[in-house]
Amino acid sequence: MGISIRAYARHRGVTDTAVHKAIRAGRITPEADGTIDADRADREWARNSDVPKTGTRAKAAKVAVPEGGTGVGGDGPAALPAGGASLLQARTVNEVVKAQTNKVRLARLKGELVDRPQAIAHVFKLARSERDAWLNWPARISAQMAAKLNIDPHTMHVALEAAIREHLQELGELRPRVD
């Protein structure tokens, strides 16, 4: 056994006419004896009702949207609270997602964003050309250095090449940290 329609209207902060309309529209369901289970009716009302119109005394659900805009639930931009969401909450999440999408589009149009795969390919190409330049350096310079130091050019070339390969191997083992 629940509470009367008038008592439920006082509980919701609406008129009993609004509760009758909600029952007729199927937004809430009364008990078999005509009374209202307040907890269940509150959930149904939140899930099945549209945004309250100005001038009514209905309490609007407040939705906290984080500054980062990850949505209401926290599992991504379109996450909703467990147990269903009201139309107002769903619309709020939808508007947050639209705003984020528009912000990204605008940044891309302004040239503030770059394509990630293209940037990765470009960095890889630059690193490869840097490595190749270092690997070719002993062949270009070893004869000149050997002449200045009065040693065998081949010995100098082998020593420089070994040192550079060892150094490049050490650099290849470093894992950069992206903050």
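Colleague: What separates W134 and W137 in helix α5?

Modeller: W134 and W137 are three residues apart in helix α5 (residues 116-149), so about one helical turn lies between them. Helices are DSSP runs of H or I of at least four residues, strands are runs of E of at least two, and both are numbered from the N terminus. This is a predicted model: local features need pLDDT of at least 70, side-chain atom pairs count only at pLDDT 80 or more, and totals for chains, interfaces and linings use all residues. Residues are numbered from 1 along each chain as its sequence is written, and side-chain values use heavy atoms, with hydrogens and water left out.

Colleague: How many aromatic pairs does the structure hold?

Modeller: The structure holds two.

Colleague: Why is the pair of Y8 and W45 called tilted?

Modeller: The ring centres of Y8 and W45 are 6.3 Å apart and the planes stand at 55°, so the pair is tilted. Rings of Phe, Tyr and Trp (its six-membered ring) pair if their centres lie within 6.5 Å; planes under 30 degrees apart count as stacked, over 60 as edge-to-face and the rest as tilted.

Colleague: What parts of the chain does this pair link?

Modeller: Distant ones: Y8 is in helix α1 (residues 5-12) and W45 in helix α3 (residues 38-48), 37 residues apart.

Colleague: Are Y8 and W45 buried or exposed?

Modeller: Buried means under 20% relative accessible area, exposed over 50%, and partly exposed in between (1.4 Å probe, protein chains only). Y8 has 0%, so it is buried. W45 has 8%, so it too counts as buried.

Colleague: What makes the pair of W134 and W137 edge-to-face?

Modeller: The angle between the planes of W134 and W137 is 65°, with 5.9 Å centre to centre; planes over 60 degrees apart count as edge-to-face. W134 has a relative accessible area of 41%, so it is partly exposed. W137, at 27%, therefore also counts as partly exposed.

Colleague: What sits over the ring of W45?

Modeller: The charged end of R27 does, 5.7 Å from the ring centre. The rule asks for NZ of Lys or CZ of Arg within 6 Å of the ring centre and within 35 degrees of the ring normal. R27 is also among the residues that W45 touches, together with Y8, R12, V14, A18, V19, A22 and I28, leaving aside residues up to four places away in sequence. Contact means heavy atoms within 4.5 Å.

Colleague: Which residues of α1 are buried?

Modeller: I5, Y8, A9 and R12.

Colleague: Why are the buried residues of α1 said to line one face of the helix?

Modeller: Down the axis of α1 they fall within an arc of 105°, so they line one face. The arc is that of the directions from the helix axis to the C-beta atoms. R6 and R10, on the other side of α1, are exposed. The cover over the buried residues of α1 includes α2 (16-25) and α3.

Colleague: What follows α1?

Modeller: G13, whose phi is positive, near 80°.

Colleague: How many helices and strands does the chain have?

Modeller: Six helices and zero strands. Buried residues make up 19% of its 179 residues. Among contacts between residues at least 6 apart in sequence, 44% join residues at least 24 apart.
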